[in-house]
Amino acid sequence: MGTKIIILGLLPILGGLVLLALTYQVVREARSLRDWPTADGAIESSRIIQTTIARRRIPARSVTAPPQPTYREVPVWEIEIRYSYVVHGESIIGHEATSQLLVDDLSRFPNGPSEQMTAVLAQLKPGPASIHYDPKDPRESYVIYVGVPSAPSNVRGAVLCLVLGFCTTIAGFLLNSRR
């Protein structure tokens with residue numbers, strides 16, 4: 001019985017370690033965006049619109065949204081922005097307000113976007129702006145850096161799994177030692 005409990009305790013430990021590793025990777029990639037160089041630019045327009053994830057990801061040449069998965073059809077609030085900047089003498093137009101996708105699901109915010117989105121929009125007034133761009137591909141850009149919103153809850157979940165796993169494993173060892 002104790003051996004089975006030990007094995008059962010190792011599963012949440014493994015799950016917690018995997019969750020921590022994945023969260024670390026996502027946070028590391030997101031933080032690398034913070035180090036992108038900046039160029040002087042100008043915000044031409046910005047506003048909050050109602051759209052879907054699928055619509056915002058359609059390439060300009062496409063006419064219809066991809067049919068799957070269905071979560072992409074969920075209506076959301078999003079910041080629509082247009083800005084211009086120059087890198088190495090090339091004029092570029094950008095459309096990403098933030099370093100991470102920032103949308104509000106209409107089912108959670110039926111009366112308008114969240115305070116966070118409204119606060120971000122307030123920082124995106126038309127006029128001069130510093131534009132962060134990818135040094136490897138200057139056409140990839142954003143105006144405001146935002147962290148990974150799910151990171152704290154992922155770390156809490158991983159710690160909970162680790163604690164649960166360690167407690168279960170210790171209980172298994174204790175049961176084995178009583179034999």
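**Cysteines, fold and salt bridges of the predicted chain**

Cys 167 is partly exposed, with a relative accessible area of 48%. Cys 161 is also partly exposed, at 28%. Zero disulfides are found in a search of the whole structure. The model described here is a predicted one.

The chain has 179 residues, and 35% of them count as buried. Four helices and six strands make up the secondary structure elements of the chain. Read from the N terminus, the elements follow the order α-β-α-β-β-β-α-β-β-α. Contacts between residues 24 or more positions apart account for 77% of the contacts in the chain with a separation of 6 or more.

Confidence was examined next. The mean pLDDT of the chain is 81. A score of at least 70 is reached by 84% of the residues. Among the elements, strand E5 (residues 127–133) has the highest mean pLDDT, at 96. Helix H2 (residues 53–56) has the lowest, at 67. Over residues 57–66 the pLDDT is below 50. Beyond near neighbours in sequence, this stretch has ten contacts in the model.

Three salt bridges are counted. One of them joins the side chains of Glu 44 and Arg 82, with an N to O distance of 2.7 Å. Glu 44 belongs to strand E1 (residues 38–52) and Arg 82 to strand E2 (residues 75–87), so the pair ties together parts that are 38 residues apart in sequence. Both partners fall in the intermediate class of accessibility. Glu 44 is partly exposed, with a relative accessible area of 38%. Arg 82 is partly exposed as well, at 35%.

Another salt bridge pairs the side chains of Glu 80 and Arg 47, again at 2.7 Å from N to O. Glu 80 sits in strand E2 and Arg 47 in strand E1. The two residues are 33 positions apart, and the pair links distant parts of the chain. Glu 80 has a relative accessible area of 33% and is therefore partly exposed. Arg 47 is partly exposed at 49%. Strands E1 and E2 are thus linked by the pair of Glu 44 and Arg 82 and by the pair of Glu 80 and Arg 47.

The remaining salt bridge is formed by Glu 90 and Arg 139, whose closest N and O atoms are 2.4 Å apart. Glu 90 lies in strand E3 (residues 90–94). Arg 139 lies in the loop between E5 and strand E6 (141–142). The pair therefore ties together parts that are 49 residues apart in sequence. Glu 90 is partly exposed, with a relative accessible area of 35%.

Technical notes:
Residues numbered from 1 in each chain as written. Predicted model: local features only at pLDDT ≥ 70, side-chain atom pairs only at ≥ 80, totals over all residues. Heavy atoms only, no water. Disulfide = S-S within 2.5 Å. Buried < 20%, exposed > 50% of the residue type's maximum accessible area, 1.4 Å probe, protein only. pLDDT = per-residue confidence, 0-100. Contact = heavy atoms within 4.5 Å. Salt bridge = Lys/Arg side-chain N within 4 Å of Asp/Glu carboxyl O.
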